[in-house]
Amino acid sequence: MDFRLPPESVELAEAVREYLAGTHGPDVLRRLDAGGNRDLRIWQGLVEMGLTGLLVPESEGGLGMTLLGGALIARECGRACLAEPLVDTALVAVPWLIARGETDDLAVIAAGEKLVALPHAVNPWVADGEGEELASVDPLRNLVAAPEDAGDDPLLLDLGALMSAAQLVGLAEAMLDQAVAYAQVREQFGHAIGGFQAIKHKLADVAVALEFVRPVLWRAAQAMDDGLTSAPLHVSHAKYAATDAAYLAAESAIQVHGAMGYTYEVDLHFWMKRAWALAGAWGDRNFHYHRIEDAALGGAHPLGPQHTFA
Amino acid sequence: MDLAYTPRQQAFRQEVREWLAAHVPAERLVTLERKDGFDQHVAWERELASGNWGMVTWPSEYGGRGLDLIEWLIFEEEYWAAGAPLRANQNGIFLLGPTIMEFGSDEQKARFLPPMAKGEVIWAQAWSEPGAGSDMAAIKTTARRDGDHYVINGQKTWSSRASFADWGFGLFRTEEGSQRHKGLSFLLFDLNAPGITRRPIRQLHGDPGFAELFFDEVRVPVENRIAGEGEGWKVAMATAGFERGLMLRSPGRFQATAARLMALLRETADRASPGLREEVVRLWMGAQAYAYNTYQVAARIMAGGSIGAEASLNKIFWSELDRAMHRAAMHLLGPAAELQTLPDGSANEWLEGYIFSLSGPIYAGSNEIQRNITAERLLGLPRVGAG
Ligand SMILES: Cc1cc2nc3c(=O)[nH]c(=O)nc-3n(C[C@H](O)[C@H](O)[C@H](O)COP(=O)(O)OP(=O)(O)OC[C@H]3O[C@@H](n4cnc5c(N)ncnc54)[C@H](O)[C@@H]3O)c2cc1C
């Protein structure tokens, strides 16, 4: 029993965080928003970091990491509000293809030469797919209508939900950081507004929510890596809690920004809109709630202190 | 990351489970907040000690088993799953014990820890004063040096179970005229020492769970001081860290409440509104999240890390979770919530628990103070005035 994140995954996540902070700031989001939405140079940078091959086995030219390691990277993608479809291809499609034994394309995917956009019956759209375009509130999200024959594979759904939860955590963390930074510099009544307790306590609540959603996320990823039969319950817990944390972070952050927060000028809106989008993706809050209720209240999952890791 | 227990850990769980099954009193004890109930709980402490379960993480020379934090968590999980009584000795084993372990001399460890682990000496905390609540640095009670003794004069209040306990620990002003955090020392004193008057205070539920302490020329030997003279604030902050952080409220307690709450929801499912239903499931998730977080903190500490201001996040979370769980139960019980004895003849533990849960966001540093600490020390927001 050791609930520590693997150091090598943490190190890689920190490197990715630094890389994205340096190359993928709000200016990039604005440039993408002004036209194009996607940029091959950004994608190429991710490929060069090895991120497209994160979960691809080493024999196929990848890094062979676990889903837990993948979730740590998905969180960084959320934090940077990354628009390129890295998570869907490298962290959702790849492990799904591997589980199905469809390994033919893995090397090409790892090399960054193939994107995989998988439809699922739970989503009324496909992100970065081809077909009739749908407009999302997120200006950097490319959606098309889902095909009528989209499957409902449960593993694919869990992978999509897990990685969405991880991005939601990163998005929420970034929104908290933005609100804190603003509260440190914006002055009213002769003080930085961050000195007012109403502001402090609002942001402290976001910090509390995040502190208690992160371990749920790691637990869910590990449960999938371990192939626990209870993994879907833990994934749903992570998605549900991450959704609530992201909405809380977004609403708190906009409030702290005042009217500034209600503008297109301030960066916050990119993160907020991505959070709304991902909250409904790969099973919305209702969907995941019902899965939790069925398992935990229905009696299939053992409750009580002696079953923490059931 | 490895979320499976080792065979050794599983065997330990089994051992704890079997011992508890054979020893946990079949009848619920009378409340700890009353003299007769307190005595029953002290008897239980001694029963625990007879099985060497007083404080499993302590070295064996001090009456422990030398176990690690994961084993402690396993012990706690089984403890709460078994419905074992509250710990009369919690202020000793979870707060003062770790403090002495960190700051005490070898002589002090040998003198105070074994009787604590054995439940022979029960401890009360004495920080708060009428004018020093959240603002603990406003402490006025003095301890004047007189040769190899301190002489204490003043008043402490809200001291949990001090009406019944044997010894107390707290902060006293040892430097005359000193201000705020300076000039305070951490002293241990016999509650039966001449010059101490204990006046019980009835709590919300009506029982005398805490007491005022009046000190009139109370002599305390200098060797009862933990750490140096004037270093009391630093020591007290460490004790407070234990209180808010890992030790005082292990997750098993809240997971047990959550499991009971889910059972209550099943029984009352035909009446529960959809909103209440989702709230209960959400609270169960919260108790699980608290457990995962604790395992993560434990793993970090075992790897040489520490818990700092994050203890404030913990304290906010468990105290508000506990209150929300008991509130949900009150709503599920509906018209029976007010009854001291439920229609099936059992004591209304939910009502008792709800009343107690209201104190969680107040004691151990109020949640407003914890939110200030979170904002200032973890998020880096500026301090303005008395922040
Ligand atoms: C059940 C129970 C057991 C206790 N046991 C013990 C014990 O064993 N030993 C002991 O020494 N004490 C004990 N206490 C006392 C406890 O430590 C104090 O109640 C606590 O520190 C708060 O102090 P106070 O009650 O004086 O409230 P106050 O400090 O008067 O606070 C009143 C309200 O004002 C708020 N407030 C105060 N300052 C600020 C600020 N700067 N910013 C924002 N809000 C603020 C508080 O959060 C609170 O809501 C116990 C209390 C309870 C309820």
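Two strands are said to pair if DSSP finds at least two bridges between them. The model shown here is predicted.

**Exercise 1. Determine the order of the three strands in the open sheet of chain A, and name the edge strands.**

Step 1. The three strands are arranged in the order S1-S3-S2, with antiparallel pairing.

Step 2. Strand S1 (125–127) and strand S2 (133–134) of chain A each pair on one side only; these are the edge strands.

Step 3. In general, strands of a sheet pair through backbone hydrogen bonds, either parallel or antiparallel. S1(A) and strand S3 (residues 143–145) of chain A pair in the antiparallel sense, over three bridges. Ala145(A) in S3(A) is the bridge partner of Trp125(A).

**Exercise 2. Characterise the surroundings of the ligand: how many residues surround the ligand, and why is the site shared between chains?**

Step 1. The ligand is surrounded by 19 residues. The closest are Ser134(B), Trp158(B), Ser160(B), Ser366(B) and Glu368(B).

Step 2. Because residues from chains A and B surround the ligand, the site is shared between chains.

Step 3. The shell around the ligand consists of eight nonpolar residues, ten polar residues and one charged residue.

Step 4. In chain B, strand S1 (123–126), strand S3 (149–160) and helix H11 (367–378) each supply at least two residues of this shell. Domain 2 (123–230) and domain 3 (245–378) of chain B each contribute at least three. The centres of these two domains, taken over C-alpha atoms, are separated by 31 Å.

Step 5. An oxygen atom of the ligand lies 2.8 Å from a backbone N or O atom of Trp127(B), and an oxygen atom of the ligand is 2.8 Å from a polar backbone atom of Ser128(B). For Trp158(B), a backbone N or O atom is 3.0 Å from a nitrogen atom of the ligand. The ligand taken alone exposes 970 Å², of which the protein buries 68%.

**Exercise 3. Classify the ring pair of Phe172(B) and Phe189(B), and state which parts of the chain the pair ties together.**

Step 1. Over all chains, the count of aromatic pairs comes to 36.

Step 2. In this pair, the ring centres of Phe172(B) and Phe189(B) are 5.7 Å apart and the planes stand at 85°. Planes over 60 degrees apart count as edge-to-face, so the pair is edge-to-face.

Step 3. Phe172(B) belongs to strand S4 (residues 167–173) and Phe189(B) to strand S5 (residues 184–190) of chain B; the pair therefore ties together parts that are 17 residues apart in sequence.

Methods. Residues numbered from 1 in each chain as written. Chains lettered and ligands numbered in written order. Predicted model: local features only at pLDDT ≥ 70, side-chain atom pairs only at ≥ 80, totals over all residues. Heavy atoms only, no water. Helix = DSSP H or I, 4+ residues; strand = E, 2+ residues; numbered from the N terminus. Near = heavy atom within 4 Å. Polar contact = N/O pair within 3.5 Å; in protein donor to acceptor, adjacent residues only side chain to side chain. Areas by Shrake-Rupley, 256 points an atom, 1.4 Å probe, with all protein chains shown as cover. Nonpolar A, V, L, I, M, F, W, Y, C, P; charged D, E, K, R; others polar. Domains from an automatic or database assignment. Phe/Tyr/Trp six-rings, centres within 6.5 Å; stacked < 30°, edge-to-face > 60°.
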